[in-house]
Amino acid sequence: MNDYKKWTGADRERSLRLVKKAKAKGLLSDPCGCSLCGRSGVTIQEHCEDYDATLDYIPLMLDGNATDEQVAEVKKSLIPLCIRCHQWMHRKEDNPEGFSRYITQVIIPIRKSQEQQSLWGEEEI
């Protein structure tokens, strides 16, 4: 795993192992949809913007010593994303114009389509 922002690849791998342990103990749940595009039924990965939260607080969660605030920080730091959105999340700082185009040309139309489907589904009931 590559370095990301201020965290080393080793930090990121340790964080991933801790997340898996917390999920195995039922302390965290698997995501069911992409928080950016809203797609479900596709592979969902968790993007982490704050590895300090996972590295510092998941060990406390595993020991039963984490506060509610610490658990909330861990959950907030894990952003469920489909593979395509996850790739863009990692490129957004190097290519802000491309990320902006991705949002306007891909994400917004997907979200509008989902809203329309939801509206039609509610009217048919």
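Helix H3 spans residues 68-77, and its buried residues are Gln-70, Val-74 and Ser-77. These three cover an arc of only 70 degrees around the axis, which puts them on the same side of H3. The model is predicted.

- An α-helix has 3.6 residues a turn, so residues three or four places apart point the same way.
- The buried set of H3 consists of Gln-70, Val-74 and Ser-77.
- On the other side of H3, Asp-68, Glu-69 and Lys-76 are exposed.

**Overall fold**
- The protein has 5 helices and 2 strands.
- Starting at the N terminus, the order of elements is α-β-α-α-β-α-α.
- The C-alpha trace spans about 50 × 40 × 25 Å along its principal axes.
- Take the contacts between residues at least 6 apart in sequence: 67% of them join residues at least 24 apart.

**Burial and surface**
- Of the 125 residues in the protein, 31% are buried.
- The protein exposes about 8000 Å².

**Charge**
- There are 18 positive and 20 negative side chains in the protein.
- The centres of these two sets lie 5 Å apart.

Conventions:
Residues are numbered from 1 along each chain as its sequence is written. This is a predicted model: local features need pLDDT of at least 70, side-chain atom pairs count only at pLDDT 80 or more; totals for chains, interfaces and linings use all residues. Side-chain values use heavy atoms; hydrogens and water are left out. Buried means under 20% relative accessible area, exposed over 50%, partly exposed in between (1.4 Å probe, protein chains only). Helices (H or I, at least four residues) and strands (E, at least two) are DSSP runs, numbered from the N terminus. The arc is that of the directions from the helix axis to the C-beta atoms. Contact means heavy atoms within 4.5 Å. Accessible areas come from the Shrake-Rupley method with a 1.4 Å probe; for residues, only the protein chains shown count as cover. Lys and Arg count as positive and Asp and Glu as negative; His and the chain ends are not counted. The place of a charge is taken as NZ of Lys, CZ of Arg, CG of Asp or CD of Glu.
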